[in-house]
Amino acid sequence: MDAKVSPATMFKESGVKALLDQLDAELVGLAPVKSRIRDIAALLLIDKLRAEQGLQSQPPTLHMCFTGNPGTGKTTVALRMAEVLKQLGYVRKGHLVAVTRDDLVGQFIGHTAPKTKEVIKKAMGGVLFIDEAYYLYRPENERDYGQEAIEILLQVMENHRDDLVVILAGYKDRMDTFFSSNPGMASRIAHHIDFPDYDEAELMQIARLMLDKLNYRFDAEAEAAFARYVQLRRAQPHFANGRSIRNALDRIRLRQATRLFASNTALGRDELVTLRAEDILSSRVFSQAKEGSAA
């Protein structure tokens, strides 16, 4: 008689539910991304159950492409994905090795192969995350050695897919161009996951979570000032979602520290944890907005 187990029980007992719950707590929004990661986890769990029941089972191809703007959580999701794969026995170690072109491609003949192979050796048993992966391919430069790194990666992705998962990441349009120029790489990527930008409400939630972890808080006026800051900053060039929020909070904390130090008064807990509107409104984002409206 078949031994039966419910998917919910499998999900919980495997430890995957706890990992994905942690991802939910760590990252605001990203509902389509989280849903896709749960779908992949479900596929792996069912594949594992089929193997246990003696049914035909072939480990699915797990190489992925994460597309989206900076600061949308791609590296964090890759880290949790590595842990899920380790939990389910698809990789041995479950660690993440994050690299860019400079870590893989050499600057002279004979330099690229050992660099790329060394990175792969470090990543084996886990996940290799290649950010801005399209920079590996530079057809306009005849003396570029990126193609050599790509060829080594292709071979490893095919021959060692049971012990290494490669995740390529970058802007969607540039990754599309990269894949059209590298059909071998495109054919090895099974999962394409797009990371949407955060809206203003989500960015405010991210800011609160970051401040809470650091034992800071906005007062009422500061909350309103930062909401206005987010609105203005999103409209400027080079906005990097959660990364820009983190950088903004670092600068706000710096201004608070300068203000408190200059006050030369005894400081209690409330003064140390509270960020005020003046710590935010002195940002050049507001002065630039005034200059723009005057123009």
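Which backbone oxygen does the side chain of Lys 34 reach? Keep that in mind while going through the points below; the model is a predicted one.

1. The oxygen belongs to Leu 27, and the side chain of Lys 34 gets to it at 2.5 Å. Lys 34 itself sits in helix H3, which spans residues 31-52. Take a look at the burial too: the relative accessible area of Lys 34 is 11%, and under 20% counts as buried, so this lysine is a buried one.

2. Setting aside neighbours within four places in sequence, Lys 34 is in contact with Leu 23, Asp 24, Leu 27, Val 28 and Gly 29.

3. Next, the helix pair H10 and H11. H10 covers residues 200-213 and H11 covers residues 220-234; they pack with their axes 10 Å apart and at an angle of about 125°. That makes the two helices oblique to each other. As for handedness, H10 passes H11 in a right-handed crossing. On the H10 side the contact is made by Glu 200, Leu 203, Met 204, Ala 207 and Arg 208, and on the H11 side by Glu 223, Phe 226, Ala 227, Val 230, Gln 231 and Arg 234.

4. Two residues deserve a glance for their backbone. Most residues other than glycine have a negative phi. His 238 has a positive one, near 65°. It is found in the loop between H11 and helix H12 (241-263), and His 238 is exposed, at 75% relative accessible area.

5. The other is Asn 264, where phi is again positive, near 55°, in a residue that is not glycine. Asn 264 belongs to the loop between H12 and helix H13 (269-273). With a relative accessible area of 72%, Asn 264 is exposed.

6. Finally, is Gly 94 buried or exposed? Its relative accessibility is 11%, so Gly 94 counts as buried, even though its place is in a loop, the one between helix H4 (74-87) and strand S2 (96-99). Gly 94 and Val 84 are ten residues apart in sequence, and their C-alpha atoms are 7.7 Å apart in space. Beyond the neighbours within four places in sequence, Gly 94 has contacts with Ala 82, Glu 83, Lys 86, Gly 125 and Gly 126.

Conventions. Residues numbered from 1 in each chain as written. Predicted model: local features only at pLDDT ≥ 70, side-chain atom pairs only at ≥ 80, totals over all residues. Heavy atoms only, no water. Axes fitted to C-alpha atoms, helices over the stretch in contact; angles between N-to-C directions. Helix = DSSP H or I, 4+ residues; strand = E, 2+ residues; numbered from the N terminus. Parallel < 35°, antiparallel > 145°, perpendicular 65-115°, else oblique. Left-handed = near helix turned anticlockwise from the far one by under 90°. Contact = heavy atoms within 4.5 Å. Buried < 20%, exposed > 50% of the residue type's maximum accessible area, 1.4 Å probe, protein only. Polar contact = N/O pair within 3.5 Å; in protein donor to acceptor, adjacent residues only side chain to side chain.
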